[in-house]
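Reader: Could we go through this model together? I would like to discuss the rings and then the ligand site.

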Amino acid sequence: MKTISKISEIRNEIIGWKKNNFVVGLVPTMGALHIGHESLIKQAKDCCDKVVVSIFVNPIQFGPNEDYNIYPRNLEKDQEICKRNGVDIIFHPEPAEIYPENEHLTIVTPPEFYKNKLCGITRAGHFEGVSTVVLKLFNIVQPDKAFFGQKDAQQIVIIKKICRDLNVPVEIVGCPIIRDNDGLAVSSRNQFLSSEARQQALSLHRILQVIVDLYKSGSRQKCEIFTEALKELSDEVELEYLDAYDAETLDILNKLKSNTLVAIAARVGRVRLIDNIVIN
Ligand code: AMP
């Protein structure tokens, strides 16, 4: 396994792979790898000849008051995880390699309809930052397939839309949410939760479970279902949003139906957490 930080160097590797007609898979990450990322890598290994994991804490997707500076970084541990999972290349560039020019950057802006809801409400500029870096990574690595976690459901919908609209020849593969045994969706940010905060954070998953149970028992009205489910919200948890969307289009729904994305975001202390479930 190679760890490469320069665009020119990874391009040379990719050129060699393409000559051999290898199917190339890309798993874009910000590092601090955990079992959620590992599941993406495993899926990539299953259906690609060569797998690249990018590790890049992308400065332009963080707002001024967000956690860019304290975001966990641990390259050595990430390298162990990647090696153990048969990754071929870790692409780990410095910010200056990705953004050599500080001014007048070309920014990929997803349509308002997709970005001005869910996490886009409080994270202004986030999806522009994500879309820009993902398109850059696609241009650098030229993968046949790219693997994203359903944990960031809005991100997958937006990346798919950009690929359709801009004719990007990359197949976007969505992978299921990986949870710890207690139900908490695994996240690099969970390490910032105290054991008490972690208990409180579990209420996010409980809320989603109640919603699924009510749906299964025949309820369909969002208001009624959400009012009941929110009784599970721990007092210390500050809800940012809970809503229901068509899982493909992100249309907001008032009645739950099959293929409904129910997504939640909340703050537990200083840690912002997201979770979701797709009802079928
Ligand atoms: P991040 O490093 O947080 O930017 O995440 C990189 C990729 O891993 C994204 O596609 C995430 O959706 C995915 N991911 C993060 N956590 C999980 C999880 N618990 N289960 C599945 N995928 C995840």
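**Rings and ligand site**

Author: Arg220 lies over the face of Tyr215, at 3.8 Å from the ring centre. A charge sits over a ring if NZ of Lys or CZ of Arg is within 6 Å of the ring centre and within 35 degrees of the ring normal. This is a predicted model, in which local features need pLDDT of at least 70 and side-chain atom pairs count only at pLDDT 80 or more, while totals for chains, interfaces and linings use all residues. Residues are numbered from 1 along each chain as its sequence is written, and side-chain values use heavy atoms, with hydrogens and water left out.

Reader: Which ring does the charged end of Lys117 sit over?

Author: The charged end of Lys117 is placed over the ring of Phe113, 3.5 Å from its centre.

Reader: How many aromatic pairs are there in the whole structure?

Author: A search of the whole structure gives five aromatic pairs. Rings of Phe, Tyr and Trp (its six-membered ring) pair if their centres lie within 6.5 Å; planes under 30 degrees apart are stacked, over 60 edge-to-face and the rest tilted. One of the pairs joins Phe113 and Tyr114 edge-to-face, at 5.4 Å centre to centre and 80° between the planes.

Reader: Is Tyr114 buried or exposed?

Author: Tyr114 counts as buried because its relative accessibility is 12%, where buried means under 20% relative accessible area, exposed over 50% and partly exposed in between (1.4 Å probe, protein chains only). Phe113, at 41%, counts as partly exposed.

Reader: What about Phe138 and Phe148?

Author: Phe138 and Phe148 are also an edge-to-face pair, with 6.5 Å between centres and 70° between planes. Phe138 is in helix α6 (residues 126-141) and Phe148 in strand β5, 10 residues apart; helices (H or I, at least four residues) and strands (E, at least two) are DSSP runs, numbered from the N terminus. Phe138 is buried at 4% relative accessible area, and Phe148 is buried at 3%.

Reader: Turning to the ligand, which polar backbone atoms are at 2.8 Å from it?

Author: A polar backbone atom of Gly149 is 2.8 Å from a ligand oxygen atom, and a backbone N or O atom of Val186 is 2.8 Å from a ligand nitrogen atom. For Ile178, a backbone N or O atom lies 2.9 Å from a nitrogen atom of the ligand.

Reader: And which element supplies the largest share of the shell?

Author: The largest share, three residues, comes from α2.

Notes
Polar contact = N/O pair within 3.5 Å; in protein donor to acceptor, adjacent residues only side chain to side chain.
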